[in-house]
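Trainee: Could we go through this model together? I would like to start with the strands.

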Amino acid sequence: MQTLEKLKHRVWYQTPVSETDRPILGAVVGDRMTLMIDAGNSEAHAQLFLSELEKLRIPSPRMVVLTHWHWDHIFGLPALDIPSIASNLTKAEMEKLIPYQWTDEALDERVKSGIEIEFCASAIKNEYGNDRSIKVKLPDITFENILEIDLGGVSCQLQRVGGDHSPDSVVVYIKEEKILFLGDAIYANLYASKWNYTADCVLQLLDALEQFDADTYILSHGTAISKAEYQVETAMLRKAARLTEEFEGQMEEMKNAYQSSVNRELNGNELETIQYFANGYELKGPSTGSDI
Ligand SMILES: [Zn+2]
């Protein structure tokens, strides 16, 4: 059951659903207008968000920003009759989706050829059932790196930060509220034979995110976390990235070094993260360079 949660004074977000991969949708409510963050994984998802806002008499969004091109953040767009904003990279990636069909056969075929991944194909089947009336609507307004939107009393800075998950990833910084909406930016790259992180790309991303003076961070498939929780997560990513470089992606050595540096058994999140870095090293080698 999805709920609408209020964060501080001007930000609302709808909780995610893991089975159908529905991400968090956000609303930043200014004195003059409301900005919606991400369009959802289906028209039903977008409509549910709008109706929940309406129930609480929150002014309906007048614009929507897309954090990146992945299906679960954009397929709700045709249900929104408002201008949409995205980075030019996001638009270019969305254009590639236009010719696709979304039947089980077409999805399975794309999974087989490596264009689609099983994780998304099965979430699409779960979200849509037999009704695959999926349309890709392109964003109306694009920007390259930074765009600032003044909503009246609160402003949002949209900034492309890239990262392994998707090179077009945009974060939304809500300055007056000290909230950073991260989208999926700090997650691993899932569109690969093995889910992975690359050391230099992660370090560059985390450095870029440090410029934002935030005390609350929103992870699209998680929840809103405090600065302290964010710092635990990013310290782990930085440590795993450095060990990947030091031990050239050798999983066992990385694990042992991590364990002795923290002087305890590693938890599931740490082990998974180290595995993703080892995968990234195996797939891409030591010097990949970032996309941004
Ligand atoms: Zn994503």
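Trainee: Which residue in β11 stands opposite V172?
Mentor: F181 does. Please keep in mind that the model is predicted. Strands β10 (residues 170-174) and β11 (residues 179-183) run antiparallel and are joined by three bridges.

Trainee: In what order do the strands of the open sheet of six come?
Mentor: The order is β8-β9-β10-β11-β12-β13, and the pairing is mixed.

Trainee: And which strands stand at the edges?
Mentor: β8 (146-150) and β13 (224-226) do; each has a single partner strand, so one side of each is left without a neighbour in the sheet. On average, neighbouring strands of this sheet are turned by 20 degrees against each other, direction ignored.

Trainee: What lies across β11, β12 and β13?
Mentor: Helix α7 (residues 227-246) does, and it runs at about 90 degrees to β13.

Trainee: Turning to β4, which way do its residues point?
Mentor: In β4 (residues 34-37), T34 and M36 point one way, L35 and I37 the other way, and all are buried. In a regular strand, side chains alternate between the two faces of the sheet.

Trainee: What joins β4 to β5?
Mentor: Four bridges join β4 to β5 (residues 61-65), and the two run parallel. T34 has P61 in β5 as its bridge partner. From β4 the chain crosses through helix α1 (residues 43-55) to β5, in a right-handed β-α-β crossover.

Trainee: How many residues does the largest nonpolar core have?
Mentor: That core has 69 residues, and L209 is one of those with the most contacts inside it. A second, separate core of 24 residues includes Y13, I24, V170 and I174.

How values were computed. Residues numbered from 1 in each chain as written. Predicted model: local features only at pLDDT ≥ 70, side-chain atom pairs only at ≥ 80, totals over all residues. Heavy atoms only, no water. Core = buried A, V, L, I, M, F, W, Y, C linked by side-chain atoms within 4.5 Å. Buried < 20%, exposed > 50% of the residue type's maximum accessible area, 1.4 Å probe, protein only. Pairing = 2+ DSSP bridges. Axes fitted to C-alpha atoms, helices over the stretch in contact; angles between N-to-C directions. Contact = heavy atoms within 4.5 Å. Right-handed = clockwise from strand over helix to strand, strands pointing away.
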